[in-house]
Amino acid sequence: MGNLELLPLSLQEAIRDVEEATKNYDKFILNVAVAYGGREEIVEAFRRHLKSELAEGKVPDEIATELSADKITAHLYTSNLPDPDLIIRTSGEIRLSGFMLWQSAYSEYYFCDTYWPSFRKIDFLRAIRDYSHRERRFGR
């Protein structure tokens, strides 16, 4: 996910090839963010929404009246995916860094000191174990 148009064509093609090769895998979902910014994603979702509404002949007042979270969600990079249950933040940073701002409203976060290139299976299992002990409240 991200603004892939910013990437060289060869990299865009490689990403599409990987997506195509894994499109039928349904056990887990792994999001990889490239050329990604959370604020930019939300702005782009609004742009896409406005363009689609204007193309249908709607006027600004009508668009504003009908605007909803679901309509914005439909234009995010992850529109065809569920919101993440768990977001793992590597590298010892305890901040969001603008990552999936819209989608992570009710996500659980796990922070670890391991850098991404060194992130191992044991690190992943620690995150899952930590997550399994949490009580999900979804804003309640």
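View 1. F111 is partly exposed, at a relative accessible area of 34%. (Buried means under 20% relative accessible area, exposed means over 50%, and partly exposed is in between, with a 1.4 Å probe and protein chains only.) Before you look further, this is a predicted model, in which local features need pLDDT of at least 70, side-chain atom pairs count only at pLDDT 80 or more, and totals for chains, interfaces and linings use all residues. Residues are numbered from 1 along each chain as its sequence is written, and side-chain values use heavy atoms, with hydrogens and water left out. Four aromatic pairs turn up in the structure. In one of them, the ring centres of Y109 and F111 sit 5.9 Å apart with the planes at 10 degrees, so this pair is stacked. (Rings of Phe, Tyr and Trp, the last by its six-membered ring, pair if their centres lie within 6.5 Å; planes under 30 degrees apart are stacked, over 60 edge-to-face, the rest tilted.) Y109 itself is buried, with a relative accessible area of 17%.

View 2. Look for S104 in the loop between β1 and β2 (108-111). (Helices, H or I of at least four residues, and strands, E of at least two, are DSSP runs numbered from the N terminus.) S104 is buried, at 9% relative accessibility. Leaving out residues up to four places away in sequence, S104 touches I87, F99 and Y109, where contact means heavy atoms within 4.5 Å.

**View 3. The largest pocket.** This pocket has a volume of about 1200 Å³. (On a 1 Å grid over the protein atoms alone, a pocket is an open set of points with protein on both sides within 12 Å along at least five of seven lines, and lining residues have an atom within 4 Å of a point. Grid points are joined across faces, edges and corners, and a volume is the space filled by probe spheres set on the points.) The lining of the largest pocket takes in 30 residues, and I29, L30, N31, L86 and I88 lie nearest the centre. The elements giving two or more residues to this lining are β1 (86-89) and α5 (121-132). By type, the lining of the largest pocket splits into 19 nonpolar, four polar and seven charged residues. (Ala, Val, Leu, Ile, Met, Phe, Trp, Tyr, Cys and Pro count as nonpolar, Asp, Glu, Lys and Arg as charged, and the others, Gly among them, as polar.)

**View 4. The second largest pocket.** Here the volume is about 1000 Å³. Of its 30 lining residues, M1, E19, L30, N31 and V32 come closest to the centre. α1 (9-22) and α2 (38-55) each bring at least two residues to the lining of the second largest pocket, and α2 gives the most, with five. This lining holds 16 nonpolar, six polar and eight charged residues.

View 5. R48 and E44 join side chains in a salt bridge, 3.5 Å from N to O. (A salt bridge is a side-chain nitrogen of Lys or Arg within 4 Å of a carboxyl oxygen of Asp or Glu.) Both R48 and E44 lie in helix α2, four residues apart, which is about one turn of the helix. R48 is partly exposed at 32% relative accessibility, and E44 is partly exposed at 25%. H75, found in the loop between α4 and β1, touches R48 as well as A45, H49 and S52, again leaving out residues up to four places away in sequence. H75 is buried, with a relative accessible area of 18%.

**View 6. R136 meets D85.** These two form a salt bridge whose closest N and O atoms are 3.3 Å apart. R136 lies in the segment after α5 and D85 in the loop between α4 (69-73) and β1, so the pair ties together parts that are 51 residues apart in sequence. R136 is buried, with a relative accessible area of 18%, while D85 is partly exposed at 42%.

View 7. The whole structure has 14 salt bridges. One of them links E93 and R95, with the closest N and O atoms 3.1 Å apart. E93 is partly exposed at 30% relative accessibility, and R95 is partly exposed at 44%. Elsewhere, salt bridges with shared partners join E53, E56, K58, E66 and K71 into one network.

Key:
On a 1 Å grid over the protein atoms alone, a cavity is a set of points where a 1.4 Å probe fits but cannot get out, and a pocket is an open set with protein on both sides within 12 Å along at least five of seven lines; lining residues have an atom within 4 Å of a point.
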